[in-house]
Amino acid sequence: MRIPPSLKCHLLRTQPLLLPLLRANRSLSAARSELRWLTEHFRGRPHFSRRLAAACLARAHYAVPLQYILGSQPFGCGLDIRCRRGVLIPRWETEEWGIRLARHVRQAHEFFSGNEDSSSTSTFTVLDICTGSGCVALLMAQELVAVPGKTVAVSAFDVSPTAIALAKENLVRNAAHLPPSSSVCFKIADLFQYHIPMHTIADLVVANPPYISLEHYTSRAHTARSVRVHEPKLALVGGVEFYTAIFDIAWRAGAGAIVSELADEEQFLDICDALLDVYDNKFICGAMRDTAGNVRTIVAYRADRPEWAHMRDLFDVS
Ligand SMILES: C[S@@+](CC[C@H](N)C(=O)[O-])C[C@H]1O[C@@H](n2cnc3c(N)ncnc32)[C@H](O)[C@@H]1O
């Protein structure tokens with residue numbers, strides 16, 4: 001942000017720490033909020049002033065993400081996701097589609113109202129692929145509240161041991177926010193060599209794979225410096241091959257529906273093209289937009305599963 005000289009002089013006299021934060025933020029009000037959070041974070045700790053000043057300078061000069069300094073990011077309704085270097089920071093776009101999806105499924109699926117055929121299974125299973133900090137898995141466990149006698153089981157995996165260690169910490173940290181009828185487990189696995197355990201059935205597959213092209217990753221116009229320098233490339237750079245692998249796992253696990261985050265409308269069309277070769281007429285695909293109006297997720301359901309046809313209500317683009 002371009003800082004007018006009069007504002008600069010005023011801040012230097014009154015609140016000098018706002019000045020570096022103003023460089024790291026788009027507005028004075030955002031910089032003020034950040035200073036308040038940082039002050040609260042360091043209050044009562046040894047060397048308070050020195051640490052607060054160092055954090056403000058790290059924001060301005062090294063573009064260190066705020067969440068890595070504060071150590072966490074709120075997510076969903078009261079989840080507090082621990083954030084640490086080496087693992088992607090949860091984004092608002094992911095939180096948004098996660099909440100929209102879970103609330104839709106809860107309303108549309110008879111499992112959650114107790115009306116379904118009593119002979120059907122009593123566990124609703126979710127598979128979260130590329131779980132990272134575990135934010136989506138925990139959100140699903142939180143939002144998909146089962147009726148008495150029914151349970152929700154979320155299993156999640158990621159290729160990164162650092163991510164899975166953090167996801168396990170997040171499970172413990174957020175245990176109080178999860179309904180007793182839900183269970184969550186995390187494991188290390190590579191999406192491209194994923195062996196589905198015998199008899200595994202997933203009702204719903206969710207994923208937020210790496211989806212930024214190498215070209216966009218290296219371009220300043222597309223990927224912010226703070227993301228490129230501080231967040232793991234493994235979590236960011238990827239393409240269509242991740243989606244065909246996700247659909248393959250979902251197909252083998254017998255999933256009724258798949259929702260996966262993506263970059264934009266162009267990528268959505270590329271993915272649909274790639275899927276057509278293998279899954280022509282097997283899945284019905286559409287896309288959800290985020291509140292900024294961008295195509296943000298591919299939504300798909302099995303053409304031979306009428307009980308999942310309600311997923312069409314989530315299509316903003318079809
Ligand atoms: C965009 S991040 C998503 C993290 C988290 N789900 C979220 O929404 O914040 C993508 C994740 O995919 C993981 N990943 C990358 N390649 C993978 C692979 N071959 N198999 C499984 N996970 C992979 C990364 O470690 C990273 O945690």
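A contact is defined here as heavy atoms within 4.5 Å. By that criterion, residues 24 or more positions apart account for 69% of the contacts in the protein with a separation of 6 or more. The model is predicted: local features need pLDDT of at least 70 and side-chain atom pairs count only at pLDDT 80 or more, while totals for chains, interfaces and linings use all residues. Residues are numbered from 1 along each chain as its sequence is written, and side-chain values use heavy atoms, with hydrogens and water left out.

**Overall fold**

- The protein contains 12 helices and nine strands, taken as DSSP runs (helices H or I, at least four residues; strands E, at least two).
- Its C-alpha atoms fill a box of roughly 70 × 40 × 35 Å along the principal axes.
- Buried residues (under 20% relative accessible area, 1.4 Å probe, protein chains only) make up 50% of the 318 residues.

**Ligand site**

- Cys130, Asp158, Asp190, Leu191 and Asn208 come nearest among the 21 residues around the ligand, a residue being included if one of its heavy atoms lies within 4 Å.
- Polar contacts are pairs of N or O atoms within 3.5 Å.
- In one of them, an N or O atom in the side chain of aspartate 158 is 2.6 Å from a ligand oxygen atom.
- A polar side-chain atom of asparagine 208 lies 2.8 Å from an oxygen atom of the ligand.
- A polar backbone atom of threonine 131 is 3.2 Å from a ligand nitrogen atom.
- The protein buries 95% of the 590 Å² that the ligand exposes when taken alone, with areas from the Shrake-Rupley method and a 1.4 Å probe.

Notes. A polar contact is a pair of N or O atoms within 3.5 Å; within protein, one must be able to donate a hydrogen and the other to accept it, and residues adjacent in sequence count only if both atoms are side-chain atoms.
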